[in-house]
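I opened this model to look up its pockets and any annotated span. My notes follow in the order I took them.

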Amino acid sequence: MRRSHRVRQVINYVNLSTPLGLLIARIGGARTRRGERGLVYAHGYRIPFPVAGAFTVGNVILTKHGEGYLTGCLLDHESRHASQYAFCVGLPMLVLYVLASAVSYAVCGHPASWNLFERMAGLDDGGYPRVHPRWRRSRSV
């Protein structure tokens, strides 16, 4: 494991975001296992919220999908979210993320397209569309 991944792992455990992610995984009935980059994969998450292929809390990536889903660009995207938890000192990230989603929805009608956290994690890697702001869309007369 790279040193930066180990540091992120420790920070997210101490700031309580990873323990919260593990609790959410348990409540959601997900099976956990150690993954790459100091992450924990939680497959088989059963709660239908949030509506996403995968989501991250601390160093825990939760998904309703089975083994093998968390690979490639999606894994890169979710790993960047884990780093964001470390930079945001853990649990405040949840509030900041919700606010960023609200701003994005107000700007373009989609909760991720203009969400600062999703943009920094890579919209394309996360499978999100690039929606133009409401004021830049052509209007039909």
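**Pockets and one annotated span**

I began with the second largest pocket, where α1 gives the largest share of the lining, 4 residues. I kept in mind throughout that this is a predicted model.

I then noted which elements supply at least two residues each to that lining: α1 (3-14) and α2 (17-27) do. The volume of the second largest pocket came out at about 220 Å³. I counted 13 lining residues there, and R6, Q9, R34, G38 and V40 are the closest to the pocket centre. Sorted by class, the lining of the second largest pocket holds 6 nonpolar, 5 polar and 2 charged residues.

Next I turned to the largest pocket and looked up its volume, which is about 730 Å³. Its lining has 28 residues, of which P50, A52, F55, Y97 and E118 are the closest to the centre. I checked which elements give two or more residues to this lining and found β3 (54-57), α3 (72-87) and α4 (92-108).

Last, I looked for an annotation. UniProt, in an unreviewed entry, lists residues 85-107 as "transmembrane region". What does the model show for residues 85-107, in helix and strand content? I read 83% helix and 0% strand for the span.

Definitions and conventions: Residues are numbered from 1 along each chain as its sequence is written. This is a predicted model: local features need pLDDT of at least 70, side-chain atom pairs count only at pLDDT 80 or more; totals for chains, interfaces and linings use all residues. Side-chain values use heavy atoms; hydrogens and water are left out. On a 1 Å grid over the protein atoms alone, a cavity is a set of points where a 1.4 Å probe fits but cannot get out, and a pocket is an open set with protein on both sides within 12 Å along at least five of seven lines; lining residues have an atom within 4 Å of a point. Grid points are joined across faces, edges and corners, and a volume is the space filled by probe spheres set on the points. Ala, Val, Leu, Ile, Met, Phe, Trp, Tyr, Cys and Pro count as nonpolar, Asp, Glu, Lys and Arg as charged, and the others, Gly among them, as polar. UniProt positions are given in the numbering used here, feature names are shortened, and annotations may be inferred rather than shown by experiment.
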